[in-house]
Amino acid sequence: MQDKRGGRSKRPGSARPKRLRVFGQRPTKGRKAGPSKPGTGRRRPSTRVEAQPAAEAGSLWSGIVEQSRAGAAAGEGLVRLNAFLARCGVASRRGSDDLIAAGRVQVDGKVTRELGLKIDPLRQRVLVDGQGLAVEKPTYVLLNKPRGVVCTSSNREQKPRAIDLVAGVKGRLFAVGRLDLDSEGLLLLTNDGAFADRLTHPRYGVSKTYEAVLRGRVEQDELDKARGGVWLSEGRTEGFRIRVKRRTAERSYLEVTIREGKNREIRRVFARLGHPVLRLRRVRIGPLTIRGVGTGRWRFLRPAEVEALWNDAGAGAGA
């Protein structure tokens, strides 16, 4: 199931490039949108070329170029290196910082490990692992991830990867956040690092809702503890919003909403309370639901959905 490409409207006060538009590429003819067979369809690292001038490279590059030209005389045309890498679809800003710190990024032929470095994308040459960068058109995909599929983009991974299930989408994608191997449901894939940061950074507190099946009957005092926050190794959780759907002596069926997202947080909290999670399925991120997308299936996000997610993240930060 595919969505038509559409333009993304400008929003006053947005921190993103003023002329950023949303693009969705159609799958190759003759291929259906759906899961690949496990172990097949592995992506090979794309061969990147040097970034082209604005008129040739698309509106995302145009936004960077226009901002650079507008403030060139005052030195305002510089952009942070990690932001530039994110706009090129290399990784999120935090992931780009990791690449810089590891010495995998070169600017004008010299390796840099300076995390706060600013560059002029019009005049300076940036390489990652020896390859030049091409600014990619932003792509946003909603996948209903099955159990047994991992979210990593590593080519060394032996298990089926989420990106292997997105047949026909050109370019490099990475997961927005994570669902562990045994969890399923709504997973976003993109090449837009700024978008990924917006949805995953704790500052923005984007809500994520899960359907959870627990072992045993969860009593009211245990629900109160989960709602109030539970101490884990990295600190106290913010607390869950919980709706009880059904309880029996053997199973408890809950709808759990979180805003923080520590590693395997829901599983660890209920395990601490003596009720291991038997099944965990994410059904909503902010205003976006998984309704209508079968397990292992995917679709492009509509421009209005991208806008709604961006706005919801801004509201969470008090923007």
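A residue counts as buried under 20% relative accessible area, as exposed over 50%, and as partly exposed in between. Asp-129, at 46% relative accessibility, is therefore partly exposed. The model discussed here is a predicted one.

**Two aspartates with positive phi**

Asp-129 is found in the loop between β5 (126–128) and β6 (131–132). Its phi is positive, about 55°, although Asp-129 is not a glycine. Asp-108 likewise is not a glycine and has a positive phi of about 55°. The loop that holds Asp-108 runs between β2 (105–107) and β3 (110–111). With a relative accessible area of 43%, Asp-108 is partly exposed.

**Overall make-up**

The protein has eight helices and 17 strands. Of its 319 residues, 50% are buried. The accessible surface comes to about 15900 Å², and carbon and sulfur atoms account for 47% of that area. Taking contacts between residues at least 6 apart in sequence, 69% join residues at least 24 apart.

In soluble globular proteins, nonpolar side chains tend to be buried together. The largest nonpolar core in this model has 35 residues, and the members that touch the most others are Leu-189, Phe-240, Val-256, Ile-266 and Phe-270. At least two residues of this core come from each of β7 (140–145), β9 (184–190), β10 (208–215), α6 (220–228), β14 (251–258), α7 (265–272), β15 (277–285) and β17 (298–300). Another core, of 21 residues, lies apart from it and includes Phe-174, Val-206, Trp-310 and Ala-313.

Leu-189 has contacts beyond its neighbours within four places in sequence. Among them are Thr-139, Tyr-140, Val-141 and Leu-143, as well as Ala-162, Ile-163 and Val-166. Leu-189 is also in contact with Leu-173, Phe-174 and Ala-175.

Within α7, the buried residues are Glu-265, Ile-266, Arg-267, Val-269 and Phe-270. Their cover includes β10, α6, β11 (231–232), β13 (241–247), β14 and β15.

Lys-262 is in the loop between β14 and α7. Is this lysine, Lys-262, buried or exposed? Lys-262 has a relative accessible area of 17%, so it is buried. The side chains of Lys-262 and Glu-260 make a polar contact of 2.5 Å. Leaving aside neighbours within four places in sequence, Lys-262 is in contact with Leu-232, Glu-234, Gly-235, Arg-236 and Thr-237.

After α7 comes Gly-274, with a positive phi near 90°. His-275 lies in the loop between α7 and β15. Its relative accessible area of 8% means that His-275 is buried. A polar atom of the His-275 side chain lies 2.8 Å from the backbone oxygen of Arg-215. Not counting residues up to four places away in sequence, His-275 touches Leu-214, Arg-215, Gly-216, Arg-217, Val-218, Glu-222 and Phe-270. The C-alpha atoms of His-275 and Ser-252 are 8.9 Å apart, and the two residues are separated by 23 residues in sequence.

**Aromatic rings**

A pair of aromatic rings is described by the distance of the centres and the angle of the planes. The structure holds three aromatic pairs. Two of the pairs are listed here.

| Pair | Centre to centre | Angle between planes | Arrangement |
|---|---|---|---|
| Tyr-140 and Phe-195 | 4.8 Å | 70° | edge-to-face |
| Phe-240 and Phe-270 | 5.9 Å | 45° | tilted |

Tyr-140 and Phe-195 are both buried. The Phe-240 and Phe-270 pair also links distant parts of the chain, here 30 residues apart. Phe-240 is in the loop between β12 (235–236) and β13, and Phe-270 is in helix α7. Phe-240 and Phe-270 are both buried.

Charged groups also sit over rings. The charged end of Arg-198 is over the ring of Trp-310, 4.5 Å from the ring centre. The charged end of Arg-246 is over the ring of Tyr-253, 4.2 Å from the ring centre.

How values were computed. Residues are numbered from 1 along each chain as its sequence is written. This is a predicted model: local features need pLDDT of at least 70, side-chain atom pairs count only at pLDDT 80 or more; totals for chains, interfaces and linings use all residues. Side-chain values use heavy atoms; hydrogens and water are left out. A nonpolar core is a set of buried Ala, Val, Leu, Ile, Met, Phe, Trp, Tyr and Cys residues joined through side-chain atoms within 4.5 Å. Buried means under 20% relative accessible area, exposed over 50%, partly exposed in between (1.4 Å probe, protein chains only). Helices (H or I, at least four residues) and strands (E, at least two) are DSSP runs, numbered from the N terminus. Contact means heavy atoms within 4.5 Å. Accessible areas come from the Shrake-Rupley method with a 1.4 Å probe; for residues, only the protein chains shown count as cover. A polar contact is a pair of N or O atoms within 3.5 Å; within protein, one must be able to donate a hydrogen and the other to accept it, and residues adjacent in sequence count only if both atoms are side-chain atoms. Rings of Phe, Tyr and Trp (its six-membered ring) pair if their centres lie within 6.5 Å; planes under 30 degrees apart count as stacked, over 60 as edge-to-face and the rest as tilted. A charge sits over a ring if NZ of Lys or CZ of Arg is within 6 Å of the ring centre and within 35 degrees of the ring normal.
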